[in-house]
Structures are given as C-alpha cells and as structure tokens.
Amino acid sequence: MTQPDTEKRPSVGLVSLGCPKALVDSEDIVSRLRSEGYDIVSGYEDADLVVVNTCGFIDSAKAESLESIGEALAANGKVLVTGCMGAKPEDITRIHPKVLDVTGPHQGEAVVRSVNRHLPRPHDPRFDLVPPGGLKLTPRHYAYLKISEGCNHKCSFCIIPSMRGRLVSRPLGMVMREAEQLAERGVQELLVISQDTSAYGVDLKYQADYWRDREWQTRLYDLCDALGELGIWVRLHYVYPYPHVDRIIELMNAGRILPYLDIPFQHASRRVLKAMRRPAASENTLERIRTWRAQCPELVIRSTFIVGFPGETEADFEQLLGWLDEAQLDRVGCFKYSPVRGAAANDLPDAVPDEVAEERWHRFMQHQAGISARRLQRRVGGIEPVLVDSMEGDTAIARSYGDAPEIDGQVIVAHAGDATPGDALDVKIIGSDAYDLHAEMAEAPELRPVDAL
Ligand code: SF4
C-alpha cells in the first residue's frame with residue numbers, strides 16, 4: 001500500500017545563468033538532487049535552500065550573477081554558489097560573505113554533497129523519481145548533449161580555459177547511451193555542445209569505444225555517424241573550420257545529421273584573428289565554405305562575431321563586411337568587444353573607443369540583415385519539415401533544420417490545426433523577412449514522427 005506523503009520534502013531552488021553548457025550543468029544538478037529525494041522549486045521563498053549556477057563569461061554576466069546571489073540571500077538566506085564564477089571563490093565571498101559554499105563549473109557531485117551538508121537529505125525509497133537520462137530544463141522535444149568540457153585554446157578575449165580547464169572529452173559510448181535515452185524519452189532534436197566540438201576526442205587520442213555492439217572511435221565523425229542512427233534531428237554547435245569537418249558534410253548530405261553548422265568565426269581580418277589567437281585563424285575559411293556549399297547546397301551556417309576588438313582598424317572592419325558578402329552566412333550574431341577581467345586581450349594596445357564600436361556594430365547588423373533576408377528568401381516556395389515549439393491559437397511557432405532554438409529565427413505556420421509542441425509538420429514556405437520564415441500547412445495537417453522527416 002502506498003504510504004501517505006506526510007512529511008514535506010526538503011526543497012531546493014535553482015537559479016541557472018549563462019550558456020547552454022551551464023544549463024547542462026544545471027540539469028545534472030537537478031537530476032542528482034531529485035534522485036536523492038529533494039523537491040526542486042522555482043521561487044526563492046518556497047525553497048529551503050537556493051543554488052545559484054553562475055556565469056563568468058564577461059563582466060556583465062558576472063555582475064548579473066552577483067546580483068542574483070544577493071537577491072537569493074535577501075529572499076532566502078541559505079545560498080550555495082556554483083558554476084563558472086566559482087572558479088574564483090574569493091570574487092564571490094568578498095561581496096557575499098554569507099554564502100554557505102562555493103563550487104566551480106561542472107561539479108554536480110560537489111554541489112550535491114554541499115546540499116546534503118546544509119540541508120540533510122531525506123531517506124525514503126519512494127523518492128526514486130528521476131527518469132533515465134536525468135531531468136531536462138529544456139522542452140521535452142529537444143535537449144543539449146554535452147560531449148566534452150574545457151578547451152585547449154587560448155583565445156585572448158576568453159577566460160573559459162582558466163575556469164574550466166583543458167579539454168576533457170566524454171567517451172563516445174557514454175555520450176551515445178545518454179543520447180539514446182533522450183531519444184527514447186521523446187526528444188526529437190539533439191543539440192551537440194562543447195567549448196570546441198571539432199576537437200572532440202583529441203585528448204583521448206580518439207580511443208575506441210563500444211555502442212550497440214559496434215566499435216567506434218571517440219572522434220567527431222564517428223559521433224555524428226552514430227547519432228545519425230537515432231533517427232532524430234542532430235545539430236552541431238561550436239565547430240571550428242578545420243579540414244576534418246569536410247567529412248562531416250558528407251554525413252549531412254547523407255541525411256545522418258542536419259545540414260547546419262554553428263561556427264564562431266569572430267572576425268575575418270587575419271590581423272585581428274591573430275590578436276584574438278583564434279583556432280583555425282590561418283585557414284582559408286571562405287574557400288572552405290565554398291567547398292561545403294558545393295558539396296551540400298542546403299547547408300545553413302550560423303556564426304558569431306566581435307567588433308571593436310583592440311587594434312581593429314576601419315580597414316579590418318571593412319574587410320569583415322566584405323568577407324560577409326562573400327561568405328553569405330545564413331544566421332549571424334554580433335557582440336561589441338567588452339573586456340573580461342583576467343583575459344589576455346586586456347593588455348592589448350589601441351582600444352577601440354565605445355562610440356566607434358557601437359557604430360561598427362550597427363553597420364555590421366544592417367549589412368548582415370540584408371544577407372540573412374536574401375538567404376531566407378531563397379527558401380520561399382519550398383516544402384520543408386519543421387518541429388513545433390509552441391502554439392499561439394492555431395498558429396504554430398516552429399523551427400526548420402536551419403533554426404537552432406533560442407538563437408536563430410522561427411517558422412511561423414498559419415492554421416496548424418491542433419498541432420502540439422514537439423510535433424513534426426510538413427509546411428510550405430510562403431514568405432520571409434530578415435529573421436523568420438512564414439508558412440502554411442503543405443497539405444491537410446499531418447503529424448508524423450520526426451524520424452520520417
Ligand atoms: S575556443 Fe577560444 S573562445 Fe572558445 S572556449 Fe576556447 S579559448 Fe574560449
């Protein structure tokens with residue numbers, strides 16, 4: 001007989017800040033806490049203790065993290081801090097001496113031990129509530145898949161390697177078992193993330209591993225090929241344009257993974273790239289993009305750029321705009337350079353005045369908006385599969401293969417009937433603007449499993 005739940009379970013509030021990699025850490029933390037019988041609650045007030053997963057990527061992110069810690073302390077009083085800012089605990093305890101404990105990034109186990117210490121865990125076998133694969137903070141139909149932690153590069157504007165350490169890849173079998181569990185739970189799209197996806201397996205010397213009774217190597221090509229077995233969408237983020245990526249395009253052509261690449265180019269001027277100490281700075285990226293597009297014409301490329309980096313001249317910036325014209329990237333984000341405490345770029349001469357960086361940012365965005373709009377326009381008239389993220393009345397807010405959640409545009413599908421989030425639809429693209437596509441149902445609403453796409 002089921003016993004009544006007479007005792008309130010200890011509850012933990014989680015504030016998750018920062019990038020998808022930090023979100024995966026948060027998912028790990030809530031999964032571990034739920035498996036130990038803690039309730040996870042959303043507000044500070046309902047929680048017995050609050051965990052703040054911080055971001056320390058740029059100074060504004062650090063300020064936001066410190067502010068969240070202050071809010072949690074004021075509203076709740078019992079606060080543990082983890083995440084990127086935890087790599088330098090003194091930065092936190094100097095301002096918030098009352099936090100109970102500080103742990104660094106990717107330390108789910110240490111966080112749970114700390115929660116156990118400050119909020120003793122319940123002993124009750126009824127609380128085995130976690131599904132295989134852990135709990136996800138993303139919607140049911142997509143999930144981030146972290147394949148490695150840390151980074152071997154030394155980009156001058158970035159302090160992630162000093163916070164997260166050198167590259168540590170997860171063996172292929174481990175990644176694939178997690179991916180398989182997610183697919184079995186109904187996830188229809190996996191977003192592969194890391195600091196440097198192209199470097200996957202380098203640290204393990206591409207060691208052999210087993211999945212589904214077959215030997216694979218822990219390297220990006222094998223991982224993509226194996227993920228292609230799952231019959232769901234697989235999207236690659238944070239890839240660098242190394243020659244070995246050419247082979248990944250073959251897998252896109254074969255329909256194993258989505259023809260989508262997120263490559264953070266950051267700039268096009270060799271001089272600036274050298275000052276940034278970017279990986280693959282000496283590669284001829286335009287040539288590589290041309291080759292990929294010849295191999296796989298529907299390839300969608302997304303990227304991010306920094307303008308106003310120290311030493312960037314008007315000529316460097318003009319070169320970047322010219323490069324954008326040649327590269328014809330589909331989706332682009334742009335940031336104005338801002339110094340990060342501890343980053344090597346802070347010592348570079350010739351800082352670009354704020355007003356110049358601001359003006360370049362506007363020119364960049366305007367320039368790229370025209371390119372993005374023309375790229376999207378080419379798809380008008382076609383029939384494409386989309387995944388529904390949400391419904392507004394009978395309008396579906398969906399995404400195509402060319403749109404990653406949160407960062408890219410959407411496909412707005414009119415009269416989508418009673419579709420629900422996670423449904424796969426075939427739609428006809430009838431219009432476009434600078435960021436989004438507009439569509440109607442290709443035929444009568446027909447819902448299909450995503451592996452039929
Ligand atoms: S590749 Fe560069 S920007 Fe990315 S995490 Fe590594 S050092 Fe930072």
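In the predicted model, a salt bridge joins the side chains of arginine 164 and aspartate 25, with an N to O distance of 3.6 Å. Because arginine 164 belongs to helix α5 (residues 160–164) and aspartate 25 to helix α1, this pair ties together parts that lie 139 residues apart in sequence. Both arginine 164 and aspartate 25 are buried, the relative accessible area of aspartate 25 being 6%. Helix α1, in which aspartate 25 is placed, spans residues 20–35, and when residues up to four places away in sequence are left aside, aspartate 25 touches Asn53, Pro105, His106, Lys146 and Arg164.

Arginine 164 also forms a salt bridge with glutamate 149, in which the closest N and O atoms are 2.8 Å apart. This second pair links distant parts of the chain, with glutamate 149 in strand β7 (residues 148–149) and arginine 164 in helix α5, 15 residues apart. Glutamate 149 is buried, as is arginine 164.

Lys146, one of the residues touched by aspartate 25, is among the buried residues of β6. Strand β6 (residues 142–146) is largely enclosed by the rest of the structure, because five of its five residues are buried. In a regular strand, side chains alternate between the two faces of the sheet. In β6 both faces are covered, with Tyr142, Tyr144 and Lys146 buried on one side and Ala143 and Leu145 buried on the other. Strand β6 pairs in the parallel sense with strand β9 (residues 189–193) over five bridges, and valine 192 of β9 is the bridge partner of leucine 145.

Burial in helix α8 (residues 245–253) involves Val245, Ile248, Ile249, Leu251 and Met252. These residues lie on the same side of α8, because they cover an arc of only 155° around the axis. The elements that cover them include α7 (220–227), β12 (233–236), β13 (260–262) and α10 (285–295). Glycine 255, which follows α8, has a positive phi, near 80°.

Helix α10, which is among the elements covering the buried residues of α8, holds a salt bridge between the side chains of glutamate 287 and arginine 290 at 3.2 Å, N to O. Glutamate 287 and arginine 290 are separated by about one helical turn, because they stand three residues apart in α10. Glutamate 287 is partly exposed, with a relative accessible area of 40%, and arginine 290 is likewise partly exposed, at 42%.

The structure holds 27 salt bridges, and a network of salt bridges links Glu312, Glu314, Glu318, Glu359, Arg360 and Arg363.

Note on methods. Residues are numbered from 1 along each chain as its sequence is written. This is a predicted model: local features need pLDDT of at least 70, side-chain atom pairs count only at pLDDT 80 or more; totals for chains, interfaces and linings use all residues. Side-chain values use heavy atoms; hydrogens and water are left out. Buried means under 20% relative accessible area, exposed over 50%, partly exposed in between (1.4 Å probe, protein chains only). Helices (H or I, at least four residues) and strands (E, at least two) are DSSP runs, numbered from the N terminus. The arc is that of the directions from the helix axis to the C-beta atoms. Contact means heavy atoms within 4.5 Å. Two strands pair if DSSP finds at least two bridges between them. A salt bridge is a side-chain nitrogen of Lys or Arg within 4 Å of a carboxyl oxygen of Asp or Glu.
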